[in-house]
Amino acid sequence: MEDRKPVAPPHPAEDITEHVGYRLKRAAAALRGAMDKALREHGLTVPQYACLELLDQRPGLSNAELARGAFVTRQSMNVVLRGLQDAGLISRPATTDHGRALPAHLTARGRERLDAARSAVYAIERTMVDALPQRRLAALLADLDRMAEALGG
C-alpha cells in the first residue's frame, strides 16, 4: 500500500463541510433550487430569467454578451434566446447590417413576465439577506467579489 502524504487545508477545517468552496456551493445550490421552483411558476428557467434581466438593463445585447452575463455558454444562450423568442418574450432581427451579432430586445410581453418573475426572485434574495445582520451585507458582497477576482472571475 502506498503512503499518502496529507495535504494541508487552506484554513483550519475539521471536514469538507467547513471549507469555503463547500459553503459557497451549498448556498448556490440552495439559491438555485429556490429560484428554479419560483421561476417554474412563471414559465421560466434561471438562464431565461437572467437573460430577461440583462436585456431589461441593457437592451440590444448580443448572444455572446448575454451568455457571459448569465454564466452559460454561447451555445446554451442560443437555445435560451430561441425559446424566449418563440414565447414572444424577446425580439431579434432575422439579419443585421453590421457584423454577425443579432441584438435582442424585450417585448411588452417579456417585460410583463419579467416583472412578475422579478418579484418572486427578489423575495428569495430578501430571505437570504434577512438571514444576515444588515451591517455585514456590504462586507459579504465585497468579500465574494474579492474571492471571484482572486480566481480570475
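Q: What does H3 meet in H4?
A: Asn63, Ala64, Leu66, Ala67 and Ala70 in H3 meet Arg74, Met77, Asn78 and Leu81 in H4, where contact means heavy atoms within 4.5 Å. By class, that contact has six nonpolar, two polar and one charged residues. This is a predicted model, where local features need pLDDT of at least 70 and side-chain atom pairs count only at pLDDT 80 or more, while totals for chains, interfaces and linings use all residues. Residues are numbered from 1 along each chain as its sequence is written, and side-chain values use heavy atoms, leaving out hydrogens and water.

Q: At what angle do H3 and H4 pack?
A: Helix H3 (residues 63–70) and helix H4 (residues 74–86) pack at about 105°, with axes 9 Å apart. The two are therefore roughly perpendicular to each other (the label covers 65 to 115 degrees).

Q: And how do H1 and H2 cross?
A: The axes of helix H1 (residues 20–40) and helix H2 (residues 46–57) come within 9 Å and cross at roughly 80°. That makes H1 roughly perpendicular to H2.

Q: Which residues meet there?
A: Arg32, Met35, Asp36 and Leu39 in H1 meet Val46, Pro47 and Tyr49 in H2. By class, there are five nonpolar, no polar and two charged residues.

Q: New topic: which residues form the nonpolar patch on the surface?
A: Val20, Leu24, Leu140, Leu141, Leu144 and Met147 do, with about 450 Å² of accessible area together. Patch residues have over 30% relative accessible area and no salt bridge, with nonpolar side chains joined within 5 Å; areas use a 1.4 Å probe.

Q: Which element gives the most to the nonpolar patch?
A: H6, with four residues.

Technical notes: Axes are lines fitted to C-alpha atoms, for helices over the stretch in contact, and angles run from 0 to 180 degrees between N-to-C directions. Angles under 35 degrees count as roughly parallel, over 145 as roughly antiparallel, 65 to 115 as roughly perpendicular and the rest as oblique. Ala, Val, Leu, Ile, Met, Phe, Trp, Tyr, Cys and Pro count as nonpolar, Asp, Glu, Lys and Arg as charged, and the others, Gly among them, as polar. Patches are made of residues with over 30% relative accessible area and no salt bridge: like charges are joined within 9 Å, nonpolar side chains (Val, Leu, Ile, Met, Phe, Trp, Tyr) within 5 Å. A salt bridge is a side-chain nitrogen of Lys or Arg within 4 Å of a carboxyl oxygen of Asp or Glu.
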